[in-house]
Amino acid sequence: MRRLIMVAGLAGLIAGAQEKEQPAWLRPDPAAVQRWQDMRFGMFIHWGPVSLTGKEIGWSRGAQTPIATYDHLYQEFNPVGFDADEWVGIAKAAGMKYIVLTTKHHDGFCLWDTAYTDYNIMHTPFHRDVVAELAAACKRQGIAFGTYYSVTDWYNPDWPVTSPAGKVERATSNLDAYETYLQNQIRELVTKYGPLLTIWNDVPAMYGKERGLRTIEMVRTLQPDILVNNRTGAGGDYDTPEQRIGGFSLARPWESCMTVSAHNHWAWGGADDGVKPLDKCLLMLVRGAGGDGNVLLNVGPRPDGVIDPAQANRLKEIGDWLAKYGESIYGTRGGPYKPTRTVVSTRQGNKVYLHITAWPEETLLLPPLPAKVVKSRALTGGTATVTQTAEGIAVSVPAADRQPIDT
């Protein structure tokens, strides 16, 4: 019989003591954190004129695509197939509860009608405010909306470095002027398109803690229940492991940002990009919830504004699974057992959900729980035998009733 590791139940006491010493605006609204954690699953969207090239957003500037060419892609960008309600509908069909849109990536291009640069969607042939349309569609369909905003900006002359990949130092720059620009733009996002679920900053290298703290203070003043991720330059309310599922933690909220692309592409990777298998996508979600974290799964819409059917169909398959078994994901907390290769657990109230992803032995033995098991059932169908003794809890399911991905 294989044993699993049980989680201690006193996490967060030290963190709670430290929070009392922080200014009020630096502490997130506990109810807002709880609402976000209960959602568990969201859609990340990386999109912009770069989709015309099938190359990676921001990083291909000055690398695969010459800077002069990259910076003029917006003049050809006319995504007439964009339908905000369709995007939100795809997210809902996937069982996603929130959307985070890259309103400005490292390339500096803005997907909204900003007053602070002409390098924005209103100066393309499309000439429509994508952020406004998506925010409105989210409200209509009951999906929370958040905005990604890169702290790094390789287009703006006030940022100290430029492309490729921020490796070229500018002869002159002005971080104070850039901070004013950043604050003005983030203020626009919160006040014009809010209330927002989160401000999702990225790559704050060279920005500094003091400037990051001013970002957090500003957005919390504008919207007290907004959440801020950890990439401000000064930390934030939750961690964001990238392209990996975070480790178990009850003390610190986290959200793994992952890609549905088979080649781990964030923006549209072209017709041959492909999608990850269903089992990998489902196990991301299960292991995320079992570690007490969220999963933000990215799509990269095509240059015509359509989320490719291959991506949409994979998301729909995830949604079909969640429609049946979502009670074991939404509104749960991780544990009582730490995730292993074979078993992941979540819990809600007096229920414990065991996700068994492999059967190395006919019977799995879990450590004892300080409670009596009064009833058990196989949520995925069939029969399960659960036996509780002083030694632990033994679980077995007939081979015919085991599911290929998650029983």
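**Strand pairing and its surroundings**

Modeller: Strand 6 (residues 198–202) pairs with strand 7 in the parallel sense over 2 bridges; strands here are DSSP runs of E, at least two residues long, and helices are runs of H or I, at least four long, both numbered from the N terminus. Two strands count as paired if DSSP finds at least two bridges between them. Across this pair, I199 stands opposite V228 in strand 7.

The model is predicted: local features need pLDDT of at least 70 and side-chain atom pairs count only at pLDDT 80 or more, whereas totals for chains, interfaces and linings use all residues. Residues are numbered from 1 along each chain as its sequence is written, and side-chain values use heavy atoms, with hydrogens and water left out. The protein chain has a mean pLDDT (the predictor's confidence in each residue, from 0 to 100) of 95, and 95% of its residues reach 70 or more. Residues 8–19 have pLDDT below 50, and beyond near neighbours in sequence this stretch has 6 contacts (heavy atoms within 4.5 Å) in the model.

The open sheet comprises 7 strands in the order 7-6-3-2-1-9-8, with parallel pairing. Strand 7 (227–228) and strand 8 (255–259) are at the edges, each with a single partner strand, so one side of each has no neighbour in the sheet.

Strand 1 pairs in the parallel sense with strand 9 (residues 294–299) over 5 bridges and with strand 2 over 4 bridges. M43 stands opposite L297 in strand 9, while I45 has L101 in strand 2 as its bridge partner.

Helix 4 (residues 84–93) lies across strand 1 (41–45) and strand 2 (98–104), at about 145° to strand 1; axes are lines fitted to C-alpha atoms, for helices over the stretch in contact, and angles run from 0 to 180 degrees between N-to-C directions.

Leaving aside residues up to four places away in sequence, L285 touches R40, F41, V295, I318, L322 and I329. L285 is buried, with a relative accessible area of 2%.

Methods. Buried < 20%, exposed > 50% of the residue type's maximum accessible area, 1.4 Å probe, protein only.
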